[in-house]
Amino acid sequence: MAGFTESALSKKLEDLNASQQSIQTLSLWLIHHRKHYATIVKTWMRELISAEESRQLTLMYLANDVLQNSKKKGPEYGKQFGTVLKKAYEIMGGDSCSEKTQKSLQRLLQIWEERGVYPKEFILELKAALGCGKQEKNGDDTAPPPKKKSKKESKHKPMIVDKEPQTYVKDDEEGGKELHVTLSPVTDVIDPPEPEELIKALMELENSASSDAAIREKIANLPADVSDINLLARLEDRRMGESLLRQVNEAVSLLSEYNARLVNEMSERKKVGSLLRDFIQAQRGLLIQAENRSQDCKEKLKKICQVRNEVKSRLQNLPDLQQLPNVTGGLAPLPSVGDLFNVT
């Protein structure tokens, strides 16, 4: 995964769109580089301040994705976003905020409260900053009663909210989709390893217990007496018994130590398997993003080539201003500035 730089962050935020794949991919990258949380949140806030309303909402969905999926990794993002979210809601709220955007922002607050992303007191502050906290100040008594819908209205204006809130879809009056945005990913965001970390883990497996030929040869060459209880009948005296006991103790020590190494190897292999799975999943996401960018570039290149061909075609039909026709029908060079002012 690419290293972190502020210019790389700005470029990724610039390329961000409202699709689920775009939000998840960038969220994954931000969580992976969470040690730069202060710079990331500062840059995110700067982008939000200068963005239009629809893009501001996309940035809020990105913040939501990061907040929900970084809780297990640490409190860095929760605390840092907490210092700017109130200002962000003040910027997006007010009279200029559309009803659709306000409902989406309120939905985010509801999810954060339900999932314990922020305490209720802070949620109330954000609601007040958005301008929707007055109705809840005195409880449900001051809120207007919900408008009852007829069966016909309910049929044509459904509102769908997933049981685990992930998408919010609402149909407009004409039956078309009015809003479809991602509130959180369908699957948990993973924290992929750096390539160097993965290579190191794979190289360490080369020295694993199962590949230790010398120890496996020792175990294979253990005398049959140490593992077959029926052979104890051949013991003739105390000296033979003590000798066999020493061999058995050595075998027990050898096998116990080797078994402990095998158990540790299994644990390491599971860990490497998890790293590989996370790395592959992250690479698939980045591959999709690269394919989308490649397709965009191909479309732009196609349009530019069309313009180039059109320009070439038109150039053939344009007159050459370097030359002008003379009285005999031939071509004569254009006069110089000196010739224009030469009085004879």
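1. Start with helix 3 (residues 37–50) and helix 6 (residues 85–92) in this predicted model. Their axes come within 10 Å and cross at roughly 10 degrees, and angles under 35 degrees count as roughly parallel, so that is how helix 3 and helix 6 run relative to each other. On the helix 3 side, the contact is made by Trp44, Met45, Leu48 and Ile49; helix 6 brings Leu85, Lys87, Ala88, Ile91 and Met92. Eight of these contact residues are nonpolar, one is charged and none is polar.

2. Now the overall picture. The protein chain has 14 helices and five strands. Of its 344 residues, 29% count as buried. The chain exposes about 23400 Å², with carbon and sulfur atoms supplying 54% of that.

3. On to salt bridges: the whole structure has nine. One of them joins the side chains of Arg293 and Asp15 at 3.1 Å, N to O. Here Arg293 sits in helix 13 (residues 238–317) and Asp15 in helix 1 (residues 6–15), 278 residues apart. Arg293 is partly exposed at 34% relative accessibility, and Asp15 is partly exposed at 28%. Lys11 also belongs to this salt-bridge network with Asp15 and Arg293.

4. Asp212 lies in the loop between helix 11 and helix 12, so the pair ties together parts 49 residues apart in sequence.

5. Arg269 is partly exposed at 40%, whereas Glu265 is buried at 8%.

Definitions and conventions
Residues are numbered from 1 along each chain as its sequence is written. This is a predicted model: local features need pLDDT of at least 70, side-chain atom pairs count only at pLDDT 80 or more; totals for chains, interfaces and linings use all residues. Side-chain values use heavy atoms; hydrogens and water are left out. Axes are lines fitted to C-alpha atoms, for helices over the stretch in contact, and angles run from 0 to 180 degrees between N-to-C directions. Helices (H or I, at least four residues) and strands (E, at least two) are DSSP runs, numbered from the N terminus. Angles under 35 degrees count as roughly parallel, over 145 as roughly antiparallel, 65 to 115 as roughly perpendicular and the rest as oblique. Contact means heavy atoms within 4.5 Å. Ala, Val, Leu, Ile, Met, Phe, Trp, Tyr, Cys and Pro count as nonpolar, Asp, Glu, Lys and Arg as charged, and the others, Gly among them, as polar. Buried means under 20% relative accessible area, exposed over 50%, partly exposed in between (1.4 Å probe, protein chains only). Accessible areas come from the Shrake-Rupley method with a 1.4 Å probe; for residues, only the protein chains shown count as cover. A salt bridge is a side-chain nitrogen of Lys or Arg within 4 Å of a carboxyl oxygen of Asp or Glu.
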